[in-house]
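Please work through the following exercises with the sequence and the structure at hand. Each task is followed by a solution that goes step by step.

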Amino acid sequence: MNRDIIVIGAGIMGLTAAYELHKSGKKVTVIDEGNITDCTSFGNAGLLSAFDKGPLSNPGVVLDTLKLMFKGESPVILHPTLDKKIISWLWKFINSANPQRLKRTIALFEKYGQITIDKYKKMQEEDGLDFDFQHKGMLSLFTNQETYNKKIKQYSYEDETRFKILTKSEIKDYVPCSNEKAKGAILFKKNAHLDPKKVITQLKEYLENNGVEFILNEKITDIQFSEDKIEYVKSATKTYEANTYIMSTGYQTLLADKLNKELIMTPAKGYSITFNMPKEYEPLTSTLFADLFIIMSPRKDDVRLTSKLEIGSTNPAVVKKQIDSIKENFKKYTIPFEMSNEKLWAGFRPLTPNDMPLIGRDEKYKNLIYGMGLGWLGMTFGPSLAMILNDLIINDLENKDCDDILLFSGFYQGKY
Ligand SMILES: Cc1cc2nc3c(=O)[nH]c(=O)nc-3n(C[C@H](O)[C@H](O)[C@H](O)COP(=O)(O)OP(=O)(O)OC[C@H]3O[C@@H](n4cnc5c(N)ncnc54)[C@H](O)[C@@H]3O)c2cc1C
């Protein structure tokens, strides 16, 4: 079979890349080791939050995290490790959390976050996909007076297209389950949310119906390469050949390791609890309990809580202690209500130290394109990154000739 493109990994990166390339007239095959119902792109919070949230590598983040650890409310879990890769990642993370980078990162987030929102809207309008896309803003709710005061200072001007500072009674309207401990809240109007499970299932269905080949439950275990290109990729029993290969394997670096390509990223485990609750207590829009790093997203049929950022673990199990800790922290700031039909999930963010994705052409194997390192904002940037990869492939560009790669790719960010 003649294939133009093989996409390895069918998370948001792989599927949106397949979507763009299919639209550009390429013959695309998508291969995944699973059946794409359990990848990170499936169980996340579904926030499209490129605006006013700021990057993870933020000045002050280390101190703030330490304070929360002291209070027993920290979402960050750092397992003690001597792993050189993790220590080097942490070092880069601490160094990239500086004011110089911050402004640049915020500008890039807004540029590519807006492209993504436009792309999701277009998928719904033009291709009839329906993934409960809601452009109602994201509420940041503060439970700590000090952080709220700090945040509010940044918003001492007026811009009603961008944000609204809520009164106490408006907070109760937006988040009826919040209790009197909420110190304040800001609605960031440019953000949106969607149901990630529906994005993945709808995209797959659309692509399959339009001739994109899917090979599921097939792990690619090896890559055969010559001097300057990939010849084919292999599973345990088969080989697959194409003109161009996209590596979009999320947090997993098995294939990059085969090529001796060091991708500076680390798996950062997170959890979600999906449940039903009394309708009258559901929030009006996605809500970030900012001091706890707990996100509450309302969806058509249920509500999802997501939290935790655990570094140094690759155990895929849902650990009860972490679920209990999310619930315990959440309950401190909400009124009692019953959570029914609970579904628990854990997944790994492919986290880079400076919030920049690892995208672009391999310097040596020119027919290999990376779509990696989407971090904690893969849903927020997936479609815009797919547009960039499509541009690179369709126009046969080198990285150095693609402005978007030079601007946004973690491969081109200097030392940090
Ligand atoms: C708790 C949590 C909450 C989050 N909330 C948000 C949010 O609100 N907004 C947001 O923008 N982002 C969020 N994220 C981040 C987002 O989910 C990720 O950035 C994104 O899903 C990564 O997508 P991906 O396509 O790179 O990887 P994945 O979704 O992990 O997909 C990679 C795929 O590659 C396959 N694969 C791997 N190796 C192989 C192989 N060798 N052969 C074949 N297939 C292979 C895997 O099976 C998998 O299906 C969250 C993440 C977590 C954990």
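**Exercise 1. Find the polar backbone atoms that lie beside the ligand, and state how much of the ligand the protein covers.**

Begin with Gly46, where a polar backbone atom is 3.3 Å from an oxygen atom of the ligand, a polar contact being a pair of N or O atoms within 3.5 Å. Go on to Leu47, whose backbone N or O atom lies 2.8 Å from a nitrogen atom of the ligand, and then to Gly375, where a polar backbone atom is 2.7 Å from a ligand oxygen. On its own the ligand has 1,000 Å² of accessible area, and the protein covers 96% of this (Shrake-Rupley method, 1.4 Å probe). The model is predicted, so that local features need pLDDT of at least 70 and side-chain atom pairs count only at pLDDT 80 or more, while totals for chains, interfaces and linings use all residues. Residues are numbered from 1 along each chain as its sequence is written, and side-chain values use heavy atoms, with hydrogens and water left out.

**Exercise 2. State how many residues surround the ligand, and name the closest.**

Counting residues with a heavy atom within 4 Å of the ligand, one finds 33 around it, and the closest are Asp32, Ser41, Leu47, Gly375 and Thr380.

**Exercise 3. Describe how domain 1 and domain 2 meet.**

First, take the bounds, which come from an automatic or database domain assignment: domain 1 comprises 5-42 + 197-263 + 355-412, and domain 2 comprises 60-96 + 138-189 + 266-351. Next, note that 13 residues of domain 1 are in contact with twelve of domain 2 (heavy atoms within 4.5 Å). The area buried between the two domains is about 1,100 Å², with carbon and sulfur atoms giving 60%; this is the accessible area, for a 1.4 Å probe, lost on putting the parts together and summed over both. In domain 1, Thr40, Tyr251 and Trp376 lose the most area to domain 2, together 47% of what that side buries.

Definitions and conventions: Polar contact = N/O pair within 3.5 Å; in protein donor to acceptor, adjacent residues only side chain to side chain.
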